[in-house]
Every structure is written in structure tokens, then in C-alpha cells.
Amino acid sequence: MANLREAQKRMTRRLLLESGLELFKAKGYAATTVDDIATAAGTTRVTFYAYFSSRSELMKALIDERLNEALQRVRSAEHGSTAQDLVATVADGTPEAIMAWLRRTADNWPVIRPIIRIGRDAAVIDPELTDLVERWLEEAIGDIEDGLTAAGRFEPHQRRFRGVLAMAQLDFVAQNWDRADWKLTRDQMLDELGVSWVRLLT
């Protein structure tokens with residue numbers, strides 16, 4: 001019986017997260033209320049508050065859980081979260097490894113992009129969410145720095161900034177690829193991005 005209750009709790013929480021994400025995408029963060037999310041999940045405001053103390057807490061969970069899951073990031077005492085695959089890719093440093101990682105990441109853009117966009121919109125409205133997405137990007141920059149350190153490439157003072165440049169490129173392309181007219185196919189775009197990453201990181 002206890003196992004059934006736990007399964008129901010997990011399902012309710014998952015429904016709240018999914019409903020919140022879908023409503024944030026459809027209506028925007030500002031226009032979505034706790035009541036909207038609870039109703040869409042087939043539950044009540046009281047139940048919502050049993051899982052999340054506020055709409056912003058649900059947004060934090062989307063970043064912390066859904067975004068990290070899509071990018072295979074795990075908890076890290078040093079960085080908050082880490083993607084060992086990214087660290088290993090940067091340490092490897094071959095064009096093939098870097099291109100393969102970028103292609104796998106691009107395959108997840110449809111999941112990643114809306115969460116990051118909503119997170120940035122939410123930060124404008126809820127002060128407690130300020131820099132929520134940027135803190136996550138800092139963790140990814142830390143992974144690149146760790147990979148460069150493991151490989152012994154570049155001077156220590158260069159490693160973090162090269163990570164900043166690489167992630168800034170990736171973030172901009174990921175957020176704008178679906179609405180920009182860059183006269184490139186997806187493969188051409190990834191090839192160009194890969195060339196840039198190889199120059200920056202090797």
C-alpha cells in the first residue's frame with residue numbers, strides 16, 4: 001500500500017511538472033497561475049502546494065530535473081551539476097568526439113530550448129529566479145574547464161573563458177536555430193559550430 005501511495009505521489013508531481021511546462025510554453029510564465037497548473041494536472045491548488053511552495057519552485061524543478069535529465073547532468077559537489085560526457089569529450093579533444101557530442105546535444109534541443117526560454121522569461125518576473133539559467137550555464141562552462149584541465153590544454157586562466165565562449169555560441173545557436181534564417185541546413189550549422197568548438201577547445 002505504501003508503494004502505491006509513493007507511486008501516486010510521483011505521478012502527481014510529474015503531472016504538475018508536465019502541465020506547468022506545457023502551460024508556460026502555451027501561455028507564457030507570467031500568464032500561467034498555480035490554479036491553471038493544478039487544473040491542467042487534474043488536481044487542486046491545495047495539492048499543488050503539497051508539492052511546490054510556488055510557481056517559481058516548479059520552475060526551479062524544471063531546470064534542476066528536466067533540463068539536467070535531457071543533458072544527462074548529475075549532481076556534483078563542485079559545480080552543482082556535471083555532464084561527465086561533456087568533460088570527457090573536451091578532454092578527448094578530437095574533432096570527431098566534439099562533433100558527436102554537439103550532434104547528440106542538438107537532438108535534444110526541442111526539449112532543452114523551451115525550458116531555457118521559459119527560465120529566462122520567469123527570471124524577469126520572479127526575482128528569486130534571477131540568473132537561474134545562467135547558473136546552469138556556468139555549470140556547463142565548469143565542465144569544459146574541467147575537460148581542458150584534464151587534458152592539460154591551455155593556461156589555467158584561459159580554460160574558463162574558452163568554456164564561456166563555447167557555451168555562449170552553443171546557447172545562442174540552440175535558442176535561435178528554429179527562428180533564424182541563416183541560410184544553412186542543420187548539418188551545415190552543426191559542422192560550422194563544430195569547427196568553432198574545435199578551434200576554441202583544442
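Trainee: What links Phe-48, Tyr-49 and Phe-52 into a cluster?

Mentor: Ring pairs link these three residues. The model is a predicted one, and a search of the whole structure finds six aromatic pairs.

Trainee: Why is the pair of Phe-24 and Tyr-29 called tilted?

Mentor: The ring centres of Phe-24 and Tyr-29 are 5.0 Å apart, and a pair needs centres within 6.5 Å. The planes stand at 50°. Stacked requires under 30 degrees and edge-to-face over 60, so the rest, this pair included, count as tilted.

Trainee: What makes Phe-24 and Tyr-29 buried?

Mentor: Phe-24 has a relative accessible area of 2%, and Tyr-29 also has 2%. Buried means under 20%, so both residues qualify.

Trainee: How do you know that the pair of Trp-101 and Trp-197 is stacked?

Mentor: The planes of Trp-101 and Trp-197 are 20° apart, and stacked means under 30 degrees, so the term applies. The centre-to-centre distance is 5.5 Å, within the 6.5 Å required of a pair.

Trainee: Why is this pair said to tie together parts that are apart in sequence?

Mentor: Trp-101 belongs to helix H6 (residues 95-107) and Trp-197 to helix H10 (residues 186-201), so the pair joins parts 96 residues apart in sequence. Both Trp-101 and Trp-197 are buried.

Trainee: Which charged end sits over the ring of Tyr-29, and how do you know that it is within the distance limit?

Mentor: The charged end of Arg-55 sits there, 4.1 Å from the ring centre.

Trainee: Which residue lies over the face of Phe-154?

Mentor: Arg-162 does, at 3.9 Å from the ring centre. That value is also within the 6 Å limit. Phe-154 itself lies in the loop between helix H8 (132-151) and helix H9 (156-176).

Trainee: Why is Phe-154 called partly exposed, but Lys-183 exposed?

Mentor: Phe-154 has a relative accessible area of 23%. Buried would need under 20% and exposed over 50%, so Phe-154 falls in between. Lys-183, in the loop between H9 and H10, has 66%, which is over 50%, so Lys-183 counts as exposed.

Trainee: What makes the phi values of Phe-154 and Lys-183 worth noting?

Mentor: Most residues other than glycine have a negative phi. Phi of Phe-154 is near 70°, a positive value, and phi of Lys-183 is near 60°, also positive.

Conventions. Residues are numbered from 1 along each chain as its sequence is written. This is a predicted model: local features need pLDDT of at least 70, side-chain atom pairs count only at pLDDT 80 or more; totals for chains, interfaces and linings use all residues. Side-chain values use heavy atoms; hydrogens and water are left out. Buried means under 20% relative accessible area, exposed over 50%, partly exposed in between (1.4 Å probe, protein chains only). Helices (H or I, at least four residues) and strands (E, at least two) are DSSP runs, numbered from the N terminus. A charge sits over a ring if NZ of Lys or CZ of Arg is within 6 Å of the ring centre and within 35 degrees of the ring normal.
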